[in-house]
Amino acid sequence: MENSGFLSCLKRTTLIKPCGFLLLAALLYVEISTISTNRSKSVPLRPAYYSRNVSGERGEEFCSMKRNFMFAKVHKAGSTTTTCIFQRFGYEHNLTFVLSVMRSDVGWPNLLRQEDFIPSADGTYNVLVDHTVYNRRLLKHLMPPDTMYISILRHPLAQLRSTFNWYRLARKIPGLKGADPVASFIQKARKLHVPYVKARSRTREPYTLTKNFMAFDLGFPLGLSDDQSYVDEFIQKISREIDLVLILEHFTESLVLLKRMMCWTLKDILYNVVPKNLRKYKKGTTSNATLQKHRQWSNVDYQLYDHFNATLWQKIQDEGDDFVQEVHHFQKVLNETTIYCTNTIKKVPVSEINVTARKVTIPKSAWNDEFDIDPILCLKLKMGWVDWEYILKKKHKMPPNLPVEVKRAMEYVNPKVLGKTLLAKLFHVH
């Protein structure tokens, strides 16, 4: 099938409705036909995606730092904490982000279009970490050829509970009974589930929040949830296309694997252990019968999770004996950083922190060079994704001839953690 029609749609500055329909229809055709041609074939998993070269008399290992990456951000799966790691890394290395014109979602819950993101000065980008529906055919025309693709998954029941809490679904879904609205929903999901006719533009909610939500973020057409052959091929397709899927329940191991794959430093993967987008709620317990009903209901999410959880541990096994030691070392450094930052920040209001206060030095080890933990790093770790989004938009280099209409359409979200005054001091923005 010729692709010039929908690629020209992506490149237009204004996407009219007929073009949008052409884009969606063409992409759906390509995705389904591509998967269909692979049916009845054995589709191997992507092999190890990085190798270590050995040089020098001591056989020292080295690799090249990866600077181009796309994070397929999955809702309510620890993705905001992960995003902050990526945002800090991109800022520290002066990388160019794909940033949304409107708030923080790049086209989501619809497929991305050119007018969804802010143009860059030279037309190129290094990083995309905001919510967007994953579609490799579109992304390869936006991101560099050597881009690393990363995502994250969470146990589907835990993800559903977090979704219920964040979107306040217990108030929106009628007919829920008992102290556990999630369990009540699962018991009669087919009756209570009412998918939207179309994605809500005002709230930017997709067609459904309660069934295969993670699969939706990864580009799965929800209407094919009952086609097991398609589900199998979709999982194999994601395995080939995405270099690493983090698992929230094994976040520490996932980050160390990420560090090795990306050739980053231990300092690069430090994070604030207090969850981002935190909204406390009672998690409750779930019976085996309810769990099995949910597995049948969100079948694609469970199959994705089971597959990539197993894949994660296979990758870890392939890393060798020192991997567990590095995980323990990273956890120790993370604990030291947390204690230092907690004591440094809690003494005075964040806006009055002395950025020149004493620092803590992390000594060199088998897995890291010597580096310092100081108040400035603590503040960067404390920043929420909204704070980073604000800074990245302020720092973003745009074309000199950018139309005034585009500038007026850009939305700058208000930072929630540090505040504009302190951010201006730390990052020298106005």
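Guide: Helices here are DSSP runs of H or I with at least four residues, strands are runs of E with at least two, and both are numbered from the N terminus. You're looking at a predicted model, where local features need pLDDT of at least 70, side-chain atom pairs count only at pLDDT 80 or more, and totals for chains, interfaces and linings use all residues. Residues are numbered from 1 along each chain as its sequence is written, and side-chain values use heavy atoms, with hydrogens and water left out.

Visitor: What makes a space a cavity instead of a pocket?

Guide: On a 1 Å grid over the protein atoms alone, a 1.4 Å probe fits in a cavity but cannot get out, whereas a pocket is an open set with protein on both sides within 12 Å along at least five of seven lines. Grid points are joined across faces, edges and corners, and a volume is the space filled by probe spheres set on the points.

Visitor: How do you know which residues line the largest cavity, and which lie closest to its centre?

Guide: A lining residue has an atom within 4 Å of a point. The largest cavity has 12 of them, and Cys84, Ile85, Leu270, Tyr271 and Leu381 are the closest to its centre. Helix 3 (79–92) and helix 15 (375–382) are the elements that give two or more residues to this lining, with helix 3 giving the most, four residues.

Visitor: What makes a lining residue nonpolar, polar or charged?

Guide: Ala, Val, Leu, Ile, Met, Phe, Trp, Tyr, Cys and Pro count as nonpolar, Asp, Glu, Lys and Arg as charged, and the others, Gly among them, as polar. On that scheme the largest cavity's lining has seven nonpolar, two polar and three charged residues. The second largest cavity, at about 40 Å³, has four nonpolar, five polar and two charged. Its lining includes Pro156, Asn212 and His294.

Visitor: Are helix 3 and helix 11 roughly parallel or roughly perpendicular, and why?

Guide: Axes are lines fitted to C-alpha atoms, for helices over the stretch in contact, and angles run from 0 to 180 degrees between N-to-C directions. Angles under 35 degrees count as roughly parallel, over 145 as roughly antiparallel, 65 to 115 as roughly perpendicular and the rest as oblique. The axes of helix 3 and helix 11 come within 13 Å and cross at roughly 25 degrees, so the pair is roughly parallel. Contact means heavy atoms within 4.5 Å, and here Thr81, Thr82, Ile85 and Phe86 of helix 3 meet Phe251, Leu255 and Leu258 of helix 11.

Visitor: What does helix 3 do against helix 15?

Guide: Those two pack at about 135 degrees with axes 9 Å apart, which makes helix 3 oblique to helix 15. Arg88, Tyr91 and Glu92 meet Leu377, Lys380 and Leu381 there, giving three nonpolar and three charged residues.

Visitor: And what is the relation between helix 11 and helix 14?

Guide: Helix 11 (251–262) and helix 14 (322–346) have axes that come within 10 Å and cross at roughly 110 degrees, so they're roughly perpendicular. Among the residues in contact are Leu255 of helix 11 and Phe330 of helix 14.

Visitor: What makes Asn212 and Pro109 stand out?

Guide: Most residues other than glycine have a negative phi, and most peptide bonds are trans. Asn212 isn't a glycine, yet its phi is positive, about 55 degrees. The bond joining Trp108 and Pro109 is cis, with omega about 10 degrees.
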